[in-house]
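Here is a short briefing on how two parts of one protein meet. Look over the structure, then read on.

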Amino acid sequence: MDSITRKAYAKINLGLDVIRKRPDGYHEVKMIMQTVDIWDLLKFRKISNPGIFLSVDQQEIPAGPDNLVYKAAEMIMQKYHINSGVEITLEKHIPVAAGMAGGSTDAAAVFHGLDQLFDLGMSLEQMQGMGVKIGADVPYCIMGGTALSEGIGEVLTALAPPPACTLLIARPDISVSTKLVYENLHADKLTKHPDIDGMIGAIRERNLAGITERMENVLETVTVKAYPVIQQIKKAMLDKGAENALMSGSGPTVFGIFKEDRTGKEALEEIKKQGLASQVFVTAFYP
Ligand code: ATP
């Protein structure tokens, strides 16, 4: 096999809690991760020229060693002493710097892609062990689906998928730095924590209302304060009948959960009409 193509799926956080800041500066989290049907496309081709040749279809994204795709490829090629080269093209669809793990999921796709292309026989655990050095969300992206993520994001427990619903994703036209959001969070001063264990129970029972009533993200305390448009998008979704709406990750993307496609689409039109976000998608959980 000389070339393969892979989709790299985005994630949202149905719940996100920060337990504490560790002495080494990392934050200990407790999050419910969910893959959604929005993806980047990566094409891998084996070439005889040694090296990594990456091209990206968006100019603002680095196409060199700063790209997480490049970092993952470099790590794998070094570890497995691969002397030939690889050409990778990355087609971006996932909103960038948006709280949807775009870069992390691209890196995860590189582990699966190069494993197949070079027939490396890597286990998921091996991929995750290497992936966490690239980013805390990479181990989750390597497995995908619904999962509880703990530690700094590397302690993962697979969960059953939640019931199907219509998902509206809206990304306002601002970029948020994950690092800055965490730096401005005072984990020890949080007065309220999401009921993550209760949400796990609701997922197990396939109880959509039990899930949506527990949707909470402690990072909203930082990002929403800085960007009121996030609150406006949440309100527009709720006014149009969302079961609930929440910021994903460190933001600024907001997702709303709807029981019907029709109300989801109405909310999309409303958000566009009010000019709150230009990247708006009606989608679903994946798989
Ligand atoms: P997370 O949810 O994990 O915090 P994010 O959605 O906030 O991720 P990304 O889309 O991964 O953030 O991108 C953040 C920054 O990382 C971008 O501004 C970009 O410069 C850089 N970057 C590196 N590799 C990639 C990639 N493959 N795709 C997108 N951005 C990348």
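Which side chains meet in a salt bridge? Those of Lys30 and Asp197 do, at 3.0 Å from N to O. A salt bridge here is a side-chain nitrogen of Lys or Arg within 4 Å of a carboxyl oxygen of Asp or Glu.

This is a predicted model: local features need pLDDT of at least 70, side-chain atom pairs count only at pLDDT 80 or more, and totals for chains, interfaces and linings use all residues. Residues are numbered from 1 along each chain as its sequence is written, and side-chain values use heavy atoms, with hydrogens and water left out.

**Domains**
- Domain 1 covers 3-159 and domain 2 covers 166-283; the bounds come from an automatic or database domain assignment.
- Their centres, taken over C-alpha atoms, are 23 Å apart.

**Interface area**
- Domain 1 and domain 2 bury about 2300 Å² between them, 67% of it on carbon and sulfur atoms.
- Buried area is the accessible area (1.4 Å probe) that two parts lose on being put together, summed over both.
- In domain 1, Leu14, Leu16 and Val18 lose the most area to domain 2, together 24% of what that side buries.

**Contacts**
- 27 residues of domain 1 contact 34 residues of domain 2, where contact means heavy atoms within 4.5 Å.
- The rule finds one salt bridge across this interface.
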